[in-house]
Amino acid sequence: MNSNNVLYNKVFTGEIPPVVINDISPFSVSGSIEFNEVPLIRWRDIVLKHLPSNVNLSTVECELKLEYLHCDYLIPSRVVVPNTAIPIYGRRETDNEKVVKTLEFKNKYNRNGNYAFEFRLLKMYDSLYTLNSLTPYTNQIPYNAELDYPIADLLYNNRLPGFIDLLPYLIKNGTLIFADIKQELKIQIIPKVSTNDLLIFGGGYSGSVTYGLLPPSVEVTKSETITLTGTTPNMVLENNPDRYGFYLCNNSVNNVYYNFGSQPDNVNSSKLILKTGETLIYEDNKLILNNSPIDPGDNRFMLGSPLWVRSSVTTGFNQVSIEEISYV
């Protein structure tokens, strides 16, 4: 069995499943405001996706990075901004002058005049969360849908499908966004979208996890004594992909032969010998005879293949005992 002290490491990359908001998406109400709000990224779910089913969750340590995040949109329900209203920036204008023009434009043409949807990126956090709990995320920054939110901007209808990179709204400085399992990112669209509006959010991530495994849970799935008739092969174990191990003991006064995989014939089968009183042991992916690992010349037993046994003589009383242990 694997030692509880053994740690494994896995490096991974992946895409966040597309998140779609359209006119049939659920929406919420705050005061007089109707809005859509859906999760974009649940980091705990991403980590669990890349862990094996028998992981010991209390041993998990991870490093996570958001690589990209974007939105493709088509929003015909919004009023198109007049071309004459779009700010023009002169080559010699200062950054401050450009900022002033942008703010004046957004203050006039915004969601209140049906010119745009406002999107808000909501950072949720649960300081008490662990991977083996069901604690919901909480928002440590109180917000109200009718008020402005710090991580927000506007999407305009320009009569064509649009695209916006959302990563700059999350980066305050530098170029990297790190995350952990205690975080969730939501998107809020104000007001709620209308017929024929479509917003599709996508992204990608990378990371690594270090983890230990739970001790395997096993049970005895077969335990019996089998009488061998002549040299006719007898299948003492069927195919079992969940096999952890087995013990095959020769109780006879004669040698017996064993074989893994397809049924052998009486004459040409491989003569892997189990002598009188010997026990063949398969455990933890190792085949052992007389306290020494052996190579039977056929590694299919690693896959839980059938095990066949036959006597080496045509007459006499020959028996073997078989016990199989399987993962549950």
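1. Let me start with a cysteine. Cys62 is partly exposed, with a relative accessible area of 29%. Cys71, by contrast, is buried, at a relative accessible area of 1%. Please keep in mind throughout that this is a predicted model.

2. A disulfide is a covalent bond between the sulfur atoms of two cysteines. With a pair of cysteine sulfur atoms required to lie within 2.5 Å, the count of disulfides comes to zero.

3. Which residues touch the most other members of the largest nonpolar core? They are Leu199 and Phe201, in a core of 43 residues. Two or more residues of this core come from each of β1 (8-22), β3 (33-42), α1 (43-49), β4 (55-74), β5 (116-125), β8 (177-179), β9 and β10.

4. Lying apart from the largest one, another nonpolar core has 19 residues, including Leu228, Leu248, Phe260 and Val320.

5. Now for the backbone, where a few spots deserve a second look. Most residues other than glycine have a negative phi, and most peptide bonds are trans. The peptide bond joining Ile190 and Pro191 is cis, with omega at about -10°. Pro191 sits in the loop that runs between β9 (183-190) and β10 (198-213).

6. The loop between β9 and β10 also holds Asn196. This residue is not a glycine, yet its phi is positive, near 75°. Is Asn196 buried or exposed? Its relative accessibility is 58%, so Asn196 counts as exposed, the cut-off being over 50%.

7. Arg159 is my last stop. Although Arg159 is not a glycine, its phi is positive, at about 75°. You will find Arg159 in the loop between β6 (152-156) and β7 (162-165). With a relative accessible area of 61%, Arg159 is exposed.

How values were computed:
Residues numbered from 1 in each chain as written. Predicted model: local features only at pLDDT ≥ 70, side-chain atom pairs only at ≥ 80, totals over all residues. Heavy atoms only, no water. Helix = DSSP H or I, 4+ residues; strand = E, 2+ residues; numbered from the N terminus. Buried < 20%, exposed > 50% of the residue type's maximum accessible area, 1.4 Å probe, protein only. Core = buried A, V, L, I, M, F, W, Y, C linked by side-chain atoms within 4.5 Å.
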